[in-house]
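Subject: Structure handover

Hello,

Here is the structure for you to look through. My notes follow below it.

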There are 4 protein chains.
Amino acid sequence: MNNPIKVGVLGARGRMGSEAVRAVGEAPDTELVAAINREDPLTGLVDGGAQVAVDLTHPDAVLDNIRFCVEHGIHVVVGTSGLGTPELDRVRGWLADRPEVGVLVAPNFAIGAVLSMRFAELAAKFFESVEIVELHHPKKADAPSGTAARTAQVVAQARAAAGLGAVPDATTKELDGARGADVDGVRVHSVRMTGLVAHQEVLFGTEGETLTIRHDSYDRRSFMPGVLLSIREVGSRPGLTVGLDALLGI
Amino acid sequence: MNNPIKVGVLGARGRMGSEAVRAVGEAPDTELVAAINREDPLTGLVDGGAQVAVDLTHPDAVLDNIRFCVEHGIHVVVGTSGLGTPELDRVRGWLADRPEVGVLVAPNFAIGAVLSMRFAELAAKFFESVEIVELHHPKKADAPSGTAARTAQVVAQARAAAGLGAVPDATTKELDGARGADVDGVRVHSVRMTGLVAHQEVLFGTEGETLTIRHDSYDRRSFMPGVLLSIREVGSRPGLTVGLDALLGI
Amino acid sequence: MNNPIKVGVLGARGRMGSEAVRAVGEAPDTELVAAINREDPLTGLVDGGAQVAVDLTHPDAVLDNIRFCVEHGIHVVVGTSGLGTPELDRVRGWLADRPEVGVLVAPNFAIGAVLSMRFAELAAKFFESVEIVELHHPKKADAPSGTAARTAQVVAQARAAAGLGAVPDATTKELDGARGADVDGVRVHSVRMTGLVAHQEVLFGTEGETLTIRHDSYDRRSFMPGVLLSIREVGSRPGLTVGLDALLGI
Amino acid sequence: MNNPIKVGVLGARGRMGSEAVRAVGEAPDTELVAAINREDPLTGLVDGGAQVAVDLTHPDAVLDNIRFCVEHGIHVVVGTSGLGTPELDRVRGWLADRPEVGVLVAPNFAIGAVLSMRFAELAAKFFESVEIVELHHPKKADAPSGTAARTAQVVAQARAAAGLGAVPDATTKELDGARGADVDGVRVHSVRMTGLVAHQEVLFGTEGETLTIRHDSYDRRSFMPGVLLSIREVGSRPGLTVGLDALLGI
C-alpha cells in the first residue's frame, strides 16, 4: 500500500472544516498533518509536510491561501465559494510558474449531486419529456434551488443539441403555478417541507417508460466523500480544474 | 358459500362497461346476467333476474336507468358522471317509495385513490407541512387534476379544524410558478410526462420525519376492484350513498 | 389561550431527554418546570408544579418514577422501553387508587411511523398484493426492523379478518432470498445502506393500481412532535394507555 | 430535411411487430415500405426499397432473415432473441463479404433500462453501499429479474475494478431472506405485485447522501423509441453491433 497523502485543512474549526478534519483523520489513505485556523500561520502546512491543502475558509482569505500553497508546491482543493472568472485567472497566473501543482475548485462536493446532473445531461436526448422536482427544508430562500436551475439548463442544452423540440404539454386550463417554473423550457417544481434536507428528482419520460434520477442529501457529511476524492486526485491533475465533474471520468 | 350476486351491466360495450362485463364474469362471487347496450330494453335486467345493476352509460341516460332500477327493486351502482345536487334529489325522491333499494354513486372507483385522499385527510392535522405532487400523461388539459385539487381541499379543511396555521415557507426569491399552485393554502405541483398515466403523491413533513402517500393508476382496470366492492356492498346500504368512502369503513 | 401545560422531564440530560427539554421549552403551549437527572430528587417535579412528567430514563428507573408521579397526581408520558405485561399490570394497580391520573406508554413516538402502520392496517383488505421494503443505516443488527415485522403482522391479521387468501406469486425459480423474508405471509425486504437513517415503504397492489405508504425518519427530533402530542393529550385520558395509536383518533 | 428512412418490418403481425409497424408509420423520419409476415417472401423488402429491416420474428427464422438482408445490402435491426455466440459468428461471416452493411442485435430496446444499467455501472465506484430493488407483476417466474441480475453483475465488476471491498452490513440477526439475494456481493430484492408491470431501482449510498436510479416500464410500447433509435443509427454502423449501449454514446 502507498503512504497516506499528507493533508492540511484550512478553516479547520469551521462547520465544513471540522468535518474535513474528521474525514481526513478517519480515511485509511489520508493523514492529517495540519489543522490551520484564521489565527494560525500558513507555514504550518510546510512544517507538517502537507502534500495537499483543503481550503474551507472564507472568500476574503481563499486567494491568499491558494497563492501560498502554489508557491510552496502544495496542491489545493478549494471548497470556499466566491471564485469568479477574474479570481480564477489570477490562480492560473500563479500556476503558470509552478506547472506541476494542481488546484481543484469545486462548487459542490456532493458526488451524488454532481453525478445526478451529469446523468441527466446524458439521458436528456433520449426522452420526449423531462421535469425536475426539488425538495428542501422550509427555511430555504430561493425557489428553485441553484442545483435544480443548473440541471434544467444543462438538460435544455442537451435537448437543443440533439434537435429535440418542446416537451409535449396539452394543458389549457391551469391554476397559476401548477405547472411549475419554466427554466429554458424545462418545468421545475419546488417543494418546501419541514423534515426534509435537500433532495432532487429528474424525471424523464418517453412512450411507455420513465427514468428517474433522484439524489437525497441528508447532512453536510455528504460532502466528505467528494472532498476525499478530490484530495486523492488533485495531485495527478496539474493546473487548474473547476468542478468535481472532471474527476468522475464520465 | 353464498350464491353469486346477479349483476347487469348498462353500457356494456363502452370502455368502462366492457371492463365491468369482464370483471363481473371473472369474480367468483358475482355472475353476469345481463349486458345492456343503448339499443337494448332495460327489461333485460328483470328478465335476467339482476339483483344489482352497474350503470356506466352517459349523463343523458343515467337518470332514466336509475329510475327503472329503483322501481323494479334493483340496487344500482352508478359510475356515470353528471349527477349534481338536483339529480341526486330526484333519486332520493324515487328511493323514498322504495326504502329497501340501495343506490351508490361513485365519482371515482379507484380504491387506491379514494384511500389516498382519506388517509391524507386523517394525517393532515399531525404535520406542519404538506404539499401535493400529481403526475399525468401530457394530453391532460387541466392542471392540477381534479383529484389533487379535492385532496388539497380536504387537507386544508382538516388543518383548519385542528387549528393549524399556514405551512412554513421562507421563500423570498421565486421564479414564477416554482412553488406550485395554491389551493386553499396547500401547494400543488403538476407534472406532465409522456409514459405516465395517473399518479399522485401527498407529502407530509414535521420535525425530522416525512410521510408520503402515493397512488399510481396504470390503466382503467384499476376501477374494477372498486366496482366489485360496490356491487358487493350496495345491497346492504338502502337509500342513496355518494362516494366510495362510505364503503371503506374508515 | 389556555395556560401552558407545566412539564417535567425525567432523564433530562440523555439523548432523547435533552431533545424533549428543548421541544417543551420551544412549544407555545408547554412550559418546562423541572429537568430531572439521575442524581436529582423526584420531588423537583412537585416543587415545580409539574402537571405532566415525561419519562425518558432507563428500564431500571422507570417504574419507580411512574409510581411517584401517580401517587402525586402527575400524569406521565413514558418513552422508556422495558415495560412488559407484568410491569404494566403494576402500573394499573397504582392507577386504581388514583383514577384521575393518566399514564401513556409509547413504544414509538414518531407520528409518521405510527400513522403508517395504522394506514397499512386499514388499507390491507382492499388489495390483493402487499409487500414491505424497509431501509436503514448499515449498523443495524436485525433484519427486518421491529417496525416492519409488526407492520407485516397487523397487515396479515387484517387480510385474514377480511377473508383474503395468499398474495399471488408465480415465482418458480428464485435465487435464495430474492423474494424477501416471510412474515405471516407478507414479504419483507431489508435494505442496509450508508447514508440512510430509517425508512419504510408499504406497497399495496390490485388490478391496475398501487398504493404506497412511505415513512422517512431522518433524526431523533422526529420523536418530538409525538412527545408533545402525548403531553397535550395524557391529561384527558385517565388510566393506562399503551401506544400512540390511541391518540390519533383513527 | 433528409428523406425518411425506408423500413421493412419482419414479423409485422406479432405483438412487437405490430407496434413497430405503427411506430415506423408515425415517426416523421421513417417510412414503412414493407410489412412482412411468416407467409410472405422476403423479396418484399427489396421490392419496397427497404434500407433497413427490423426483425421481430422467431429464433428459428431470424438467421435466414439476417442472411437475406445482408446479401441484399439491407441494414438489419434484430429484436428477436436466441442469438448466441455461434449464431453471431455466422452473422459476422456474412458481413465480412458486405462490409458496408450494419447489423444491430439488441436484447433490450427499452432505452430507460439500458441507460439505468449504464448509469449504475458508472456510479458504482463512488458509493460505499449499493442494493437493487426490482418490482414486477406477480406472474413473473424468475426472481430476481434478468435485468436486475445483470445490473448487479456490472455494478459488482465496477466496484472490484475500483478496489472497493464488501458493502458495510452489520446484520447479525436475520429472518431468512430479509436481506435479499446475493448477486456477486450486491443484494437484490424482488417485489411481486398485482398492478405493477416492470420497475427497477438501483440505490447507492455514501456518507450523508444517496443516489437512486429508477426505471419504470409500463407497456411494450416502451421498446419503440429504442427501435426507432436503432433504425436511425444502424446505417452508420457497418458490421455487427450487439446491445443498444453502443448507440447511447456514454
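Where in chain B is D184(B) found? D184(B) sits in the loop between β9 (181-183) and β10 (186-192) of chain B. Strands here are DSSP runs of E with at least two residues, helices are runs of H or I with at least four, and both are numbered from the N terminus.

First, the ground rules. This is a predicted model: local features need pLDDT of at least 70, side-chain atom pairs count only at pLDDT 80 or more, and totals for chains, interfaces and linings use all residues. Residues are numbered from 1 along each chain as its sequence is written, chains are lettered from A and ligands numbered from 1 in the order in which they are written, and side-chain values use heavy atoms, with hydrogens and water left out.

Phi of D184(B) is near 55°, a positive value in a residue other than glycine. D184(B) is exposed, at 53% relative accessibility. (Exposed means over 50% relative accessible area, buried under 20%, and partly exposed in between, with a 1.4 Å probe and protein chains only.) Chain A has D184(A) in the loop between β9 (181-183) and β10 (186-192). Phi of D184(A) is near 55°, again positive and not in a glycine. D184(A) is exposed, with a relative accessible area of 53%.

Chain A overall

Chain A holds eight helices and 13 strands. Its C-alpha atoms fill a box of roughly 70 × 40 × 40 Å along the principal axes. Of its 250 residues, 56% count as buried. Take contacts in chain A between residues at least 6 apart in sequence: 73% of them join residues at least 24 apart. Contact means heavy atoms within 4.5 Å. Chain A carries 24 positive and 32 negative side chains, and the centres of the two sets lie 2 Å apart. Lys and Arg count as positive, Asp and Glu as negative; His and the chain ends are not counted. Each charge is placed at NZ of Lys, CZ of Arg, CG of Asp or CD of Glu.

The A-B interface

Chain A gives 46 residues to the contact, and chain B gives 46 residues. The two chains bury about 3100 Å² between them, 62% of it on carbon and sulfur atoms. A143(A), M193(A) and T194(A) supply 18% of the area that chain A buries against chain B, more than any other three residues. Buried area is the accessible area (1.4 Å probe) that two parts lose on being put together, summed over both.

A143(A) has another feature. Its peptide bond to P144(A) is cis, with omega near 0°. P144(A) lies in the loop between β7 (142-143) and α6 (146-161) of chain A. In chain B, a cis peptide bond joins A143(B) and P144(B), with omega about 0°.

A helix in chain B

Is helix α7 of chain B largely enclosed or open? Nine of the 11 residues of α7 (residues 224-234) are buried, so this helix is largely enclosed by the rest of the structure. The buried ones include M224(B), P225(B), L229(B) and V234(B).

Chains C and D

Chain C can be laid on chain D with an RMSD of 0.1 Å, by a turn of 180° and a shift of 0.0 Å along the axis. The two copies are thus related as by a two-fold rotation axis. In chain C, the C-alpha nearest the axis belongs to G177(C), 1.8 Å from it. The superposition is by least squares on C-alpha atoms of residues with pLDDT of at least 70 in both copies. The copies meet through the same surface, because 100% of the interface residues of chain C are also interface residues in chain D.

Best wishes
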